[in-house]
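User: I am new to this structure. Please take me through it in short steps.

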Amino acid sequence: MWGSQSSSMYKRTPSRDYSPMGDVEDNSRLLLDGDDVSKETETTNPPWICSLPHVLVATLSSFLFGYHLGVCLGGAFIGSLFSGGAADGLGRRRAFQLSALPMILGAFVSGVSNSLAVMLLGRFLVGTGMGLGPPVAALYVTEVSPAFVRGTYGSFIQIATCLGLMAALFIGIPVHNITGWWRVCFWLSTIPAAALALGMFFCAESPQWLFKQGRIAEAEAEFERLLGGSHVKTAMAELHKLELDKTDEPDFVTLTELLYGRHSRVVFIGSTLFALQQLSGINAVFYFSSTVFKSAGVPSDMANIFVGISNLLGSLIAMVLMDKVGRKLLLLWSFIGMALAMALQVGATSSYLPHFSALCLSVGGTLVFVLTFALGAGPVPGLLLPEIFPSRIRAKALALCLSVHWVINFFVGLLFLKLLEQLGPRLLYSMFSTFCLMAVMFVKRNVIETKGKTLQEIEISLLAKP
């Protein structure tokens, strides 16, 4: 999984005039000084409309993630572990198609199942596809998006997840009234999965991945599709500059290198961010919010709709702000808001409050928590980590970090009810609030701002640091 990939049959030589011995040497001083090469060669940003269709197709994977949120976590963990090898070995597009296959097969198997064993097999297959899909989506959207809208496009992943959640809720409404409708719910999910697999035949491959494979002419062609012809030269110059800076590094990436090598710090930051995201209690809120609303007299279907709307609203706000205020500020305020929301939940357990006031605090705290989570803690880690990971380790480092996400997700879901029973809601919600405050301090000390910078600029600036 972590070993070397087969060597490319393409000779790594530049085409046209994007040689590292020409324009890149002239621009390298600008890059190291923190200036944007494009400011010297371009007066406008690339047209965002060129890359938008490719991003929208990729986010079908996130829509399916939301739709199948209750997948088998074991399958998701395995899929996540192998996502890096698939994305590096097959390319981003083929990895998407690979993730769609078990989702189609698993949904069909679940839909025709007549036993628990067959149902679990189907869910395991779907989980494997869903573990593979999110890391590839984060990689792909980050690598094909122009820098000035990369945050906005990255927010599409969270929005698509919200829409998938809400689609599952609405499609599942007739389950109680129509016999066998649950089978239809599974079968319908094969439509977006098939659309993802077919749509990727027409989407651009990641130019960064093609460049790593030595397929320089193809990388240029994909940059032209994604950015427009006038921006190809600058983009290729930055890639060649990075190539010169990393001539002493091997092509393959090992697990030992990720854990103990020169990039182990950024891997640690990424893993910790995902761990804190899950330790904040978000999945406990998602899984058990209907219980909170039920105590206030709100039916479970309506409770799920309210939570879904809060999630979607927060994601839309994040989409607007991501490229304006930046990733770090959104993360900070998101975790602060989540800590305050958990404090409301703690307050709702007070015996001094009237019953109605306690219910209002509990329901309000749940909705505020989901809203503030969607503002930053939800969408930012999946966008930020592919930005700060060097291109050589990006796929496998992200796979490792998301594997940590699934492990923590599993234990929080497994232990929540038991801890709630043994510790009580006041202490447990206080622990969640404490983790949110720990996340605030961690983000403030360790996360860098990447807003408006190209991936190559971010990597060069990190390489320049001791």
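Analyst: First, a cut-off. A residue is buried under 20% relative accessible area, exposed over 50%, and partly exposed in between. Keep in mind that this is a predicted model.

User: Is R225 buried, exposed or partly exposed?
Analyst: The relative accessibility of R225 is 38%.

User: Which residue forms a salt bridge with R225, and where do the two lie?
Analyst: The closest N and O atoms of the pair are 3.3 Å apart. The partner is E222.

User: Why does E222 count as buried?
Analyst: Buried means under 20% relative accessible area. E222 counts as buried because its relative accessibility is 11%.

User: What is the N to O distance in the salt bridge of R215 and E218, and how accessible is E218?
Analyst: The side chains of R215 and E218 meet at 2.9 Å, N to O. E218 is partly exposed. Its relative accessible area is 30%.

User: How many salt bridges does a search of the whole structure find?
Analyst: The pair of E222 and R225 is a salt bridge. R215 and E218 form a salt bridge too. The search of the whole structure finds ten.

User: Which residue forms a salt bridge with E387?
Analyst: The closest N and O atoms are 2.7 Å apart. This pair links distant parts of the chain, with E387 in helix 20 (residues 380–388) and its partner in helix 18, 60 residues away. Both partners are buried. The partner is R327.

User: What is the relative accessible area of R327?
Analyst: R327 lies in helix 18, residues 327–348. Leaving aside neighbours within four places in sequence, its contacts include R150, V380, L384 and E449. R327 is buried, so its value falls under the 20% cut-off. That value is 0%.

User: Which residues touch the most other members of the largest nonpolar core?
Analyst: This core has 105 residues. Its largest share, ten residues, comes from helix 7 (residues 116–144). In soluble globular proteins, nonpolar side chains tend to be buried together. The residues asked for are F335 and F389.

User: Which residues is F335 in contact with, beyond its neighbours within four places in sequence?
Analyst: Contact here means heavy atoms within 4.5 Å. The residues are L276, A377, C436, A439, V440 and V443.

User: Which helices do the buried residues of helix 10 pack against?
Analyst: Helix 10 spans residues 190–199. Its buried residues are P192, A193, L196, A197 and G199. They pack against helix 3, helix 4, helix 6 and helix 9.

User: Which helix supplies the largest share of the nonpolar surface patch?
Analyst: The patch covers about 710 Å², and its residues include V407, F410, L427 and M431. Helix 21 (394–423) and helix 22 (425–446) each supply at least two of its residues. The largest share is seven residues, from helix 21.

User: Is L419 buried, exposed or partly exposed?
Analyst: L419 lies in helix 21 and belongs to the nonpolar patch. Its relative accessibility is 31%. L419 therefore counts as partly exposed.

Methods: Residues are numbered from 1 along each chain as its sequence is written. This is a predicted model: local features need pLDDT of at least 70, side-chain atom pairs count only at pLDDT 80 or more; totals for chains, interfaces and linings use all residues. Side-chain values use heavy atoms; hydrogens and water are left out. A nonpolar core is a set of buried Ala, Val, Leu, Ile, Met, Phe, Trp, Tyr and Cys residues joined through side-chain atoms within 4.5 Å. Buried means under 20% relative accessible area, exposed over 50%, partly exposed in between (1.4 Å probe, protein chains only). Helices (H or I, at least four residues) and strands (E, at least two) are DSSP runs, numbered from the N terminus. Patches are made of residues with over 30% relative accessible area and no salt bridge: like charges are joined within 9 Å, nonpolar side chains (Val, Leu, Ile, Met, Phe, Trp, Tyr) within 5 Å. Accessible areas come from the Shrake-Rupley method with a 1.4 Å probe; for residues, only the protein chains shown count as cover. A salt bridge is a side-chain nitrogen of Lys or Arg within 4 Å of a carboxyl oxygen of Asp or Glu.
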